[in-house]
Structure formats: structure tokens, C-alpha cells
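Please open the model in your viewer and keep the selection tool at hand.

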Amino acid sequence: MRRALVKSIGPIRSAIRRRGDKVSTGVAKRLLVSNINDRISDRSLYNGCKCGGPSYMFSRTLSSDAEVKRAGPLVEYERRIAAGDLEDGDNSQIGTLKELQRLYDELVKSADACRLDRYSDYEKAGRSRWLWSRLMPQSSVSPVKGLYLYGGVGTGKTMLMDLFYDQLPCNWRKKRIHFHDFMLTVHSRLQKHRGVSDPLEVVAGEISDESILLCLDEFMVTDVADALILNRLSSHLFTNGAILVATSNRAPDNLYEGGLQRDLFLPFIATLKERCVVHEIGSSIDYRTRTSAEEGFYFVKNDSADFLMQKFKELVGEHTAQPHEVEVVMGRKLQVPLGAIGCAYFPFEELCDKPLGAADYFGLCKKFHTLALDNVPIFGLHNRTAAYRFVTLVDVMYENKARLMCTAEGTPFQLFERIVTVSDAQSRAPRTSSRSRKNDDYDLCVDNELGFAKDRTISRLTEMNSSEYLEQHAEMIEEKRIQTQSDVYNNDQVVQA
């Protein structure tokens, strides 16, 4: 069996070596290395742990002489700069890396006190510890504070957090997950524990037992249910010793601004600031816009009614597209109008004008790597809900490195031109004519959350149409193909054994 295991990982190692000889340029250099490491090592046999660097560990015994010595995100950043894998960042990124390095050093020094090692005696006694805590409740708050990173769009928050995460030891109880995905997991677990006196306490116990160090990307609260859950969930998590590292476009004090029952959310903000060092990435550079020329997958409205359908048929080639059904969560299913070879076609209204959310979009991206979206409209007051769903869709696609081919009524900037924050609306110059003012303000949507989110969406739509992003998409497809071949080979070896 051991010979079969070593043989089965050969194709993956050779593929990694081939990809290592060709590193894409520009912004992709910032994202490619960490994403490839994340996706390939996430499927390793080492309990799903993500190991950065060129070495991939498949068991504790086989990995002892293969693991790369880790020194932290700042050291790794400098190494990649010297190797040409990353372009040199600005002072704001360097300052953020120093914060991440400080946290890394504290965690390494306090690993035992933070109970990070999943194989320690403490973890082996997990079940009895849980029972004892029910009888004698006690707090075990981590001696190390987490880190909350916030800043403008495209400033490298995700890349920096991934750089930090990739340097963490593989035997630590850690998890890196998009905030949307994290909340979907929480809701799913709450459903499973319905009827328990305090299901949030049980869910928090499960999460902290699995991952005491949580890295949440794109922290953004727009839903009243999530806001109310987070307040008590975070209290239980931090009491259990959880350490939070998060990225966001918004400062803690601006989270869920203007939301329903926000007064009930304010204690969470206080707890977040108490348990995390808050650091702003002050960079004004949007690295996503520093990409190559457009590749032609974003089409401003064409006169032909079936223009995108023709493009979709060209994409799937000789394969026949037909309706599909995608499983989402908690028994829900999403109907896909047309799909073939990993490509799906939707009219905009079928995906964003219906009561769908992040769970549906995650389910879609698990089944299809390319989405053809027809007739994206200009957003305003009349279709604000659809705008929120479109923002969520783009976030989920970007997180999954999915490819978007669409027709739209305007450029990414024009789509959101009528969406403004309160301060933007107040700063608009008054018009001398009431007639011209009425025309200017028609369909204007004043929404702080959407006004902040639109910049991120415009930035991501721009990057998703670049050759660098599409190159990463192709890398992901190739990784999945190699993984599928490896899984088939492993299954055959198990059957033969």
C-alpha cells in the first residue's frame, strides 16, 4: 500500500514541477503561488491541511525530512520577491506584513498555551474535556490576540493573509475560509442541532475543536440573522480560545452600518476590538487594475438577442448543453437552464432576480467552473436587491477562481454608477434647475453597504477579465483534472490491494 501511495502522488509532483517552471507575470504573481499551494495541498492525505511551499506532506512519517522550514510571512515574502515570484509591494503592505509576522512569532512561541497542535495530548482528551466543561464551565481565552485587517479594494489583503496562512505548521488546528462560506457552515450546523438548549454553544464548540485559529476572508455583515448570530457565536468562540485573523473592506466600527437592530450587534464590535489587533492597510493602489489587456469575456450590450448564447455554444463546442440540477445546502436544489463540460448558462434574472444567495452560488461553482451570464443591468434603486445578489455572486466566483463570460448594459463602473453611500449623496453638487436635478437623481440608490461593496465588485470584475486571472483559472482546471486522475488511480490500487 505504501508503494501504491508514493506512486499515486507522482503525477501531482511532476505537474507541480512543470508549473513551477512557468510563473505568470503581473498581479497573478501575487496570487498564483498561494492559490496553487492552497488548492493542491488542501486535497493531500494529510488531514486536509494546507502546506505552503514546494513540499507536500502526505503523512507524518513520510514528511519529516520533506517539510520546508518556515520562518513566517515577512521572510517568505522577501524570499518570493528575490525569486521573482512577487512584485515589490508598497510601504502599506510591508507594514501589514510586519503585523502578520508579529502574530506568527507570538503564535509559534505560545503554540502550547494556545492549544494549536491537533496531535497533542490535550486534543486526544477532547471528548472528556467537552463533558467536563459542561459540568464545570470555565473560560480558556487565548493568550494571543488575533488580527483584523481592513482597507480599500485590491490592496492585497487576501494575498497577505494567504501568505500568513501558508506559513503556519501543518499540524495546527487552523482553517482559512471565505466569510460567506463560514456563515453557511454555521447555519447548516445550527440546523443539525435544532432542539438543543443552546445550539450556538454547541456549534462554537465544534468549530473551535476543529480549528482554534480561524482565518476569515472578506468579513462583511449585511444580513440581520448573521449579525445576531455573530454576537453570541463570537463570545463562545473566544471563550473557547479561538484566535481570529480576518480581512475586510470596512473598519470594525463601520460593520453592519445602518443595519436592522444594529444595537444588538454593537457588543460584537466591542468584543472584536478587544480580541483582535485592528490594522488598516492604508495603500491607495488597486493591484487588481494593474493587469493586462482585456481578454474579451465581458461584453457591453450587443444588439443581437442571442449573442451570448452563441458565445456559450462556441465555448462548449461539440458537447450538448442541457438543463442540470445542482445540490446546494439543507436539501435545496438550484436549476441550471443549460450546462455542459463545466460551463453553465443563465439569464441574469434567473440567477439574481430570484431569492438566491451565497449557498446557491457556492453550489453552482462546485459544479461549474465557467458561468455565462446574459444581460446584466445597470443597478439602481429599482433593482437594489438584485445588485446585492450580483455582488455576492462575483465574490463567490472570485473566491473559487471561476470564469465569468457576460453581456452587460455598461462597463463595470457604469453598472454601479447610481449606487452611492450617504456621504457620496451629500457631497453631490446641487443643481440650479429642479428639472436637471430630478433627472440626475432618478433611480439613485443611497446604500452604505452596497456603496462600499461596489468598489470591490468593480475591481474584481476588471481583474476577472484579465489574462492573469484567466491563467489562474486554467491552472485550477488543470489541478482538478490531475487530482481526478490521482483519485481514480488510488481507488484502483485500493481495489487491487
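Select Ala386, Ala387, Arg389, Phe390, Val391, Thr392, Leu393, Val394, Asp395, Val396, Met397 and Tyr398: these residues of helix H16 are buried, that is, under 20% relative accessible area with a 1.4 Å probe and protein chains only. Because 12 of the 16 residues of H16 are buried, the helix is largely enclosed by the rest of the structure. This is a predicted model, in which local features need pLDDT of at least 70 and side-chain atom pairs count only at pLDDT 80 or more, while totals for chains, interfaces and linings use all residues. Residues are numbered from 1 along each chain as its sequence is written, and side-chain values use heavy atoms, leaving out hydrogens and water.

Now display the whole of H16, residues 384-399. Its first and last C-alpha atoms lie 23 Å apart, close to the 22 Å expected at 1.5 Å a residue (1.5 Å times one less than the number of residues). Just after H16, select Lys401, which takes a positive phi of about 55°.

Next, select helices H11 (residues 224-239) and H12 (residues 266-275), whose axes come within 9 Å and cross at roughly 30°. Axes here are lines fitted to C-alpha atoms over the stretch in contact, with angles from 0 to 180 degrees between N-to-C directions. The crossing makes H11 roughly parallel to H12 (angles under 35 degrees). Which residues meet here? Leu230, Asn231, Ser234 and Phe238 in H11 meet Pro267, Phe268, Thr271 and Arg275 in H12, with contact meaning heavy atoms within 4.5 Å.

Finally, show the entire protein: its secondary structure comprises 21 helices and 13 strands, taken as DSSP runs (H or I, at least four residues, for helices; E, at least two, for strands) numbered from the N terminus.

Conventions:
Angles under 35 degrees count as roughly parallel, over 145 as roughly antiparallel, 65 to 115 as roughly perpendicular and the rest as oblique. Buried means under 20% relative accessible area, exposed over 50%, partly exposed in between (1.4 Å probe, protein chains only).
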